Every structure is written in C-alpha cells, then in structure tokens.
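Let's take a walk through this fold together, going from its sheets to its helices and then to its ligand. Have the structure open beside you as you read.

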Amino acid sequence: MDVLKIVDLHVNVEDKEILKGVSLTARSGETVALLGPNGHGKSTLLQAIMGNPRYRITSGQILLNDQDVLTMSVDERSKAGLFLGMQYPSEVSGVVNADFLRASINARRAKPLSLFQFYRLLDSTYKKMGIPFEMANRSLNVGFSGGEKKRNEILQMILLEPRFALLDEIDSGLDIDAMTIVASAIREEQEKGRGFLVVSHYARLYNMINLNRTIVMVNGKIAVEGGPEIIQKIDTKGYEWIKTELGIDIEKEEPAMSAVSIGVCATKEAIRDGK
Ligand SMILES: Nc1ncnc2c1ncn2[C@@H]1O[C@H](COP(=O)(O)OP(=O)(O)OP(=O)(O)O)[C@@H](O)[C@H]1O
Ligand SMILES: [Mg+2]
C-alpha cells in the first residue's frame, strides 16, 4: 500500500503564512474529499505537495512511502507517483499537447512507447474523455474552453497512472455531461487502487465518486474530519456552522488593493457631501 503523509505542514506564499500546521495521511485505494471556504489554503496544500516553488515550506514534512518528498524536484515527484490536476491549468503555447503527453509518459518508462502504441493509447483515452482527437495537435491548453482544460487534466492523469492524484476543482467549468465523463473516469481509476485527494466546492461531483473521508480546511488548518454527511451539511448550510458549532472564526480574505479602498472612500465622501 502507498502512503502519502503530511506532517504539521506550514507554507508561506509571498511571506504570508497560508498553511498553519496541516497533518493528513492518505492511502492508496482511498479517496479524501477536501473542502473549505475560498482562500483558506486548499490549492496551497496541493501546490505545496507537488512542489510549486511559489509555495515555500517553512516547516513540516511530506512523505511518500517514507521517502522525503520535499527534497525531490517536481519531475521527481511526478515520477514517484504524484499528480496534480490544476484548478487553473496553464496555457503553454508552442508545446503541442500530444508531444507533451508522449514526453511525460516516456519519461517514466524504461522503454519508450512506440509511436504506434502511443497513438493507439492516446486515441482510446481521448474517446474515453469525449475530447475530439484533433485537440492532441493543438498547443497545450491554448484556447481550450474551461471544461476542455479540465478534461485534458483528467486525460493526463489517466495516461500518467499516478499513485496519488490531487484534483483541484476539476469539476469547475464542466457541463453535466462532461462531469459524468470525468466522474466515471475517476471511478475507473479508483478501482485501479489509486489514492485521491479531491478538492471541490459542490456535492455533485462527490456524489458521483466513491469517498472514504471528508476534510474541511479553515484558516489554513484542518477544522473538521468525518464522512460524506459533512459534504451534505456544507451543501445545504454553507460554512457558518463551523463558527457556531465549533467556535472557529472563519477569517475573511483581505481587501486586494489599498488603492481601491481610497477610491471607495472618496466616492463615499462625494455621496455624503452631495457632490
Ligand atoms: N501566488 C500567490 N500570491 C499571493 N497570494 C497567494 C498566492 N497564492 C495563494 N495566495 C493566497 O493564499 C490564500 C490561500 O489561497 P488558496 O489558493 O490556497 O485558497 P483555496 O482554499 O484554494 O481557495 P479557492 O476555494 O478560492 O480555490 C489566499 O488568500 C490567496 O490569495
Ligand atoms: Mg483553490
């Protein structure tokens, strides 16, 4: 069994502490749902696990089968079996989707796939994901619709066969037919024994896949752990109950730019003074 263990993880983004001591153990064959209000650290956790250098680990550990993930480069993490399906997949012009996928697959194989084997695999995976095969010849994510980008992330996941897939709002932007396709692809991968950490704001995707545990992240920490009933509670009641029932104050996001507040104040004064 594969084990991904996160121990008391603290992460800074641009000198602001976002994760304030997260501990979590995920196992292969198990799916963990990760929810939480906007801006409370879900993507930060996933990006830190995958090794995005903008997310600076100040203390704590990430272990994959007792191997120290924090000493590994991003490609070593990928080869070790970690995969991140991104909330906002990047557009990479000039890199053809098919070339990118072929290079990624072959980088983790002792003997590269032949061109014929690769195209056969690609064709069947595109069919499974309901994506037109012509998209393989377009630059990675460039001009893809929101839903196409998300389906392309799942297509990568299928082809790369990770031990653990971290899926960040993979359902956002998907129409209901695409959601059904994505959910069925996730279920198929679950049956192969992969581990999943799935971030979503909505019960809809969670209801369509198999779940073992639910975790809610608030203020950069895990505030609640339990079963699927937590998802239904959030779906109907939102997050206020975390404050009323658990006494945890949910920090609000800071205003983005002070210049905006000056403008707002000036407008308020003008209204007050009847200008
Ligand atoms: N590159 C960055 N530069 C500055 N601040 C950042 C950066 N990345 C994240 N943050 C800040 O870190 C905090 C946590 O962000 P994060 O993306 O982890 O939230 P989230 O829980 O995934 O939210 P959402 O549900 O909206 O996706 C936010 O306040 C965000 O503005
Ligand atoms: Mg996020």
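## The antiparallel sheet

Strand 1 (residues 3–13) and strand 4 (residues 55–64) run antiparallel and are joined by 8 bridges. To find your place along strand 4, look for R56, which stands opposite N12. Please keep in mind that this is a predicted model.

Stepping back, this pair belongs to an open sheet of 4 strands with antiparallel pairing, in the order 2-1-4-5. Strand 2 (16–27) and strand 5 (67–68) stand at its edges; each has a single partner strand, so one side of each lacks a neighbour in the sheet.

Another open sheet is built from 6 strands, and here the pairing is mixed, with the order 6-9-10-3-11-12. The edge positions go to strand 6 (82–85) and strand 12 (221–226), each with a single partner strand, so one side of each is left without a neighbour in the sheet. On average, and ignoring direction, neighbouring strands of this sheet are turned by 20° against each other.

Within this order, strand 9 (residues 164–168) and strand 10 (residues 195–199) pair in the parallel sense over 5 bridges. A handy landmark is F164, which stands opposite G195 in strand 10.

## Helix 1 and the ligand

Now follow helix 1 (residues 42–50). Helix 1 lies across strand 3 (31–35), strand 6, strand 9, strand 10 and strand 11 (213–218), and runs at about 145° to strand 9.

Which element gives the largest share of the shell around ligand 1? That is helix 1, with 3 residues. There are 14 residues around ligand 1, and those that come nearest are N38, G39, K42, S43 and T44. By class, the shell around ligand 1 divides into 8 polar, 4 charged and 2 nonpolar residues.

## Helices 5 and 6

How do two packed helices get described? By the angle between their axes and the distance between the axes. For helix 5 (residues 146–160) and helix 6 (residues 176–191), the angle is about 15° and the axes are 11 Å apart. Angles under 35 degrees count as roughly parallel, and helix 5 and helix 6 are therefore roughly parallel to each other.

Helix 5 passes helix 6 in a left-handed crossing. On the helix 5 side, the contact is made by G147, R151, I154, M157 and I158, while helix 6 brings A178, V182, A185 and E189. Sorted by class, this contact of helix 5 with helix 6 has 6 nonpolar, 1 polar and 2 charged residues.

Methods: Residues numbered from 1 in each chain as written. Chains lettered and ligands numbered in written order. Predicted model: local features only at pLDDT ≥ 70, side-chain atom pairs only at ≥ 80, totals over all residues. Axes fitted to C-alpha atoms, helices over the stretch in contact; angles between N-to-C directions. Helix = DSSP H or I, 4+ residues; strand = E, 2+ residues; numbered from the N terminus. Parallel < 35°, antiparallel > 145°, perpendicular 65-115°, else oblique. Left-handed = near helix turned anticlockwise from the far one by under 90°. Contact = placed C-beta atoms within 7 Å. Nonpolar A, V, L, I, M, F, W, Y, C, P; charged D, E, K, R; others polar. Near = placed C-beta within 6 Å. Pairing = 2+ DSSP bridges.
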